[in-house]
Amino acid sequence: MEPPAGFRYIDAHTHLHPPRLFGAIRRWFDEHTDWNLRGPSEPAAIAAALRAAGVERFVFFSYAHRPGMARELNRWLHTAAAGLPDGIPLGTVHADDDDPGAVVEEACGRLGLAGLKLHIQVQRFYPDDPRLDPVYERLVAHDRVLVIHVGTGPHTNAFTGLARFAGALARFPALRAVICHMGAFETRLAFTLLERFPHLHLDTTMAMTPASLPYTGIDPQVVRNDDLLRHRDRIVFGSDFPNLPYAYEEERRGLWARDLPLDVYQRIFHENARKLFRL
């Protein structure tokens with residue numbers, strides 16, 4: 001199916017980082033992968049590229065790869081958002097911070113960020129670490145969203161895996177959360193978690209296009225059309241832009257090629273994120 005003229009998109013998974021951190025991330029990919037990332041890195045340029053691709057709003061975030069940097073990073077994200085009317089900023093926190101709950105209280109309270117991003121593989125703590133309980137408590141109290149890269153794909157280590165996050169969700173069932181990359185490489189398990197936790201969502205980032213397979217090993221055929229139909233209200237579109245080793249449009253093309261009903265596309269590409277982030 002070809003998208004109708006004027007079709008509306010919200011991208012629920014994009015990255016903005018301070019210049020020094022963005023440079024370090026790009027160097028890591030250059031040294032450890034063949035991704036050859038050359039997309040924009042300056043906030044206004046990222047926003048302009050997304051707008052040119054027809055994206056109406058975009059959720060953006062960074063992540064604290066070590067303790068003690070989350071507060072400064074959250075303040076940078078807050079400041080960046082002031083110049084990005086299309087952007088929806090999320091903060092971050094690290095389990096090893098002196099007071100993770102206070103970091104979240106500032107991010108979701110005084111700074112007014114729309115939620116948090118955790119990247120388990122990079123941050124290297126377990127998603128059910130008791131030190132995160134105040135984090136989840138405050139997210140629920142502020143009715144904010146958690147976006148969490150917790151599956152084993154595209155890179156894994158001892159801290160990744162959905163089973164331990166399921167334990168955290170069982171303790172905080174009201175937590176509104178999004179598992180990145182359709183939960184790869186545990187996508188089938190991710191769908192069972194949608195059945196158990198009514199506030200849980202999955203995002204499509206790098207998981208629904210054949211263009212991703214050579215770089216990530218994530219096979220889009222693991223997701224069946226019946227899965228998308230059944231969970232049409234619990235899946236949001238995301239891209240990982242600008243950290244993409246292929247053209248942005250490939251992220252959407254893989255989904256459009258499935259010829260699903262138009263209302264399914266409207267929900268995945270726009271409505272689900274609009275409702276989730278209270279836009």
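Author: In this predicted model, helix H4 covers residues 100-110, and its buried residues are Pro-100, Gly-101, Val-103, Val-104, Glu-106, Ala-107 and Cys-108. These buried residues pack against three elements: helix H3 (70-82), strand E4 (115-119) and helix H6 (133-142). Just past the end of H4, Gly-112 has a positive phi of about 70 degrees.

Of these partners, H3 can be described by its axis. Two packed helices are described by the angle between their axes and the distance between the axes. The axes of H3 and H4 cross at roughly 10 degrees and come within 10 Å. Because angles under 35 degrees count as roughly parallel, H3 is roughly parallel to H4. On the H3 side, the contact is made by Ala-70, Arg-71, Asn-74 and Arg-75. H4 contributes Ala-102, Val-103, Glu-106, Ala-107 and Arg-110. Sorted by class, this contact of H3 with H4 has four nonpolar, one polar and four charged residues.

Arg-252, Leu-255 and Trp-256 of H11 meet Leu-262, Tyr-265, Ile-268 and Phe-269 of H12. By class, the contact of H11 with H12 has six nonpolar residues, one charged and no polar.

H12 spans residues 262-276 and also holds Glu-271. With a relative accessible area of 24%, Glu-271 is partly exposed, because buried means under 20% and exposed over 50%. The C-alpha atom of Glu-271 is 18 Å from that of Met-208, and the two residues are 63 apart along the chain.

Turning to the cores, the largest nonpolar core has 81 residues, and Tyr-136, Leu-146 and Phe-165 have the most contacts inside it. Helix H7 (residues 162-171) supplies the largest share of this core, five residues. Beyond its neighbours within four places in sequence, Phe-165 is in contact with Pro-127, Tyr-136, Leu-146, Ile-148, Val-150, Ala-177, Ile-179 and Leu-200. Apart from this core lies another, of 15 residues, including Phe-61, Ala-114, Val-145 and Phe-277.

Conventions. Residues numbered from 1 in each chain as written. Predicted model: local features only at pLDDT ≥ 70, side-chain atom pairs only at ≥ 80, totals over all residues. Heavy atoms only, no water. Helix = DSSP H or I, 4+ residues; strand = E, 2+ residues; numbered from the N terminus. Buried < 20%, exposed > 50% of the residue type's maximum accessible area, 1.4 Å probe, protein only. Core = buried A, V, L, I, M, F, W, Y, C linked by side-chain atoms within 4.5 Å. Contact = heavy atoms within 4.5 Å. Nonpolar A, V, L, I, M, F, W, Y, C, P; charged D, E, K, R; others polar. Axes fitted to C-alpha atoms, helices over the stretch in contact; angles between N-to-C directions. Parallel < 35°, antiparallel > 145°, perpendicular 65-115°, else oblique.
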